[in-house]
Amino acid sequence: IIFASLGFCSSTKGLYLEPVTKALQLERSLYSVNDTLRYIASAIMNLLFGMLVLRFGPRKLVAGGFACLCGAMLCYTFAQNLVLIYLGGILLGVGQSWSSTTLVGFVIGRWCPQNKGTIMGAVLAANGVGSAAAAQIVGPMINGSLFGFRNAYGFTALLMVVVGIVVVTLFRDQPAQTVVAAAPQKKRRGVRWDGIDLKRALKTPYFYIVCFYVFVMGLVIQSLSAIFPAHMKDVGLDPAYVTTVVSIHAVILSGTKFFTGFAYDRLGLPVTLTLCNVATVIAPVLLALLGADFQTLAMVYGVVYAIGVPIQTIGMPLLTADLFGQRDEASILGVLVAVSTVGYAVGTPMANLFYDSQGTYSTALTIMAVSMAVASVAIVFALGQAKKLRTQNTEIIGG
């Protein structure tokens with residue numbers, strides 16, 4: 001699911017920005033409204049995620065998600081103007097809300113209660129593998145001719161059909177009940193944090209600090225993903241080299257996603273968040289310093305950005321579990337992902353609006369770096385407040 005949905009339908013979007021706007025003679029700010037509609041649709045679906053997954057089960061949501069992804073890619077394939085592009089954005093938002101972070105976080109939480117950080121990292125590492133494969137497959141298609149992006153989108157639509165059929169055939173809503181007798185329980189030590197429900201979370205002050213953090217984090221990470229290939233071409237780097245940077249970034253991302261999950265299980269959320277946040281603050285600074293002769297710096301950016309990105313995917317379910325517990329995890333996760341998605345919707349059009357008015361992304365990149373630095377400080381306070389609440393409501397197990 002992650003290989004196809006995030007790898008081919010999301011991570012490659014930066015490769016399409018310059019070719020599509022050039023071929024259809026569109027302003028980048030108008031084209032990026034596609035992302036705004038995508039993220040609004042995704043935010044609405046994520047707000048409803050808790051209700052939908054309990055009513056229909058994850059298998060039916062995955063089936064609907066892949067159907068929407070295929071529809072989105074077909075809209076992009078045949079688009080002659082902004083109407084089909086915008087419709088594709090809406091379908092893409094719905095499709096990815098049922099086939100990416102929120103859905104996978106819920107499923108892993110249900111199937112794998114132990115070491116879920118490492119397992120989440122291993123699963124979401126498929127995003128990097130898919131991104132690397134997609135860059136090498138669709139990248140040459142896009143750059144092959146003026147309207148080469150149509151071939152790339154058409155190929156991706158076919159891939160969604162094939163993967164969707166395989167996934168829905170094999171997927172199960174929950175583990176089979178094969179154990180007829182309870183296994184003997186080992187003595188455990190540690191804590192059990194049942195958590196709070198959404199109604200109480202909405203009355204908890206640090207909930208809104210977390211919302212601010214995930215909004216800014218979504219704005220920065222998705223904006224960088226959308227603009228960095230186009231920005232590298234704008235400053236004079238060779239398009240083929242930019243595709244190489246995208247591919248290497250994607251390969252490294254596979255490792256950093258797994259490492260982020262592993263670090264969470266071994267070092268805890270505060271250390272893991274700090275590492276990702278620092279990288280996300282540095283990334284836009286590196287991008288702003290790029291020039292035509294800065295090929296090495298472009299590659300360094302790809303590595304640093306890969307360290308920061310996992311907090312957007314792996315981090316959301318882990319933040320929810322640590323700060324709010326498991327009592328109403330699906331509903332709270334859906335709300336936080338929706339808020340983060342609003343950040344996506346604001347960030348990319350904002351960046352491209354600066355580009356259309358100034359001919360450069362420099363101002364937008366400065367705003368991203370400063371905003372992420374402020375949000376990183378704010379989340380430290382929220383972690384402290386959550387720890388106090390968790391201590392008050394924790395059952396000590398094993399002495």
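Tutor: Let us begin with Arg38, which is buried because its relative accessible area is 4%. Buried means under 20% relative accessible area, exposed over 50%, and partly exposed in between (1.4 Å probe, protein chains only). This is a predicted model, in which local features need pLDDT of at least 70 and side-chain atom pairs count only at pLDDT 80 or more, while totals for chains, interfaces and linings use all residues. Residues are numbered from 1 along each chain as its sequence is written, and side-chain values use heavy atoms, with hydrogens and water left out.

Student: With which residue does Arg38 form a salt bridge?

Tutor: In general, side chains of opposite charge can pair when their charged atoms come close. A salt bridge is a side-chain nitrogen of Lys or Arg within 4 Å of a carboxyl oxygen of Asp or Glu. Here Arg38 pairs with Asp35, their closest N and O atoms lying 3.9 Å apart. Asp35 is buried too, with a relative accessible area of 8%.

Student: Where do Arg38 and Asp35 lie?

Tutor: An α-helix has 3.6 residues a turn, so residues three or four places apart point the same way. Both Arg38 and Asp35 belong to helix H4, three residues apart, about one turn of the helix. Helices (H or I, at least four residues) are DSSP runs, numbered from the N terminus.

Student: How many salt bridges does the count come to?

Tutor: The count is two salt bridges. In the pair of Arg28 and Asp234, the closest N and O atoms are 3.1 Å apart. This pair links distant parts of the chain, with Arg28 in helix H3 and Asp234 in helix H12 (residues 205–234), 206 residues apart. Arg28 is buried at 8% relative accessibility, whereas Asp234 is partly exposed at 36%.

Student: Which residues of helix H5 are buried, and what covers them?

Tutor: In H5 (residues 49–56), the buried residues are Phe49, Gly50, Leu52 and Val53. Their cover includes helices H4 (33–47), H6 (58–78), H8 (101–111) and H18 (329–358).

Definitions and conventions: Helices (H or I, at least four residues) and strands (E, at least two) are DSSP runs, numbered from the N terminus. Contact means heavy atoms within 4.5 Å.
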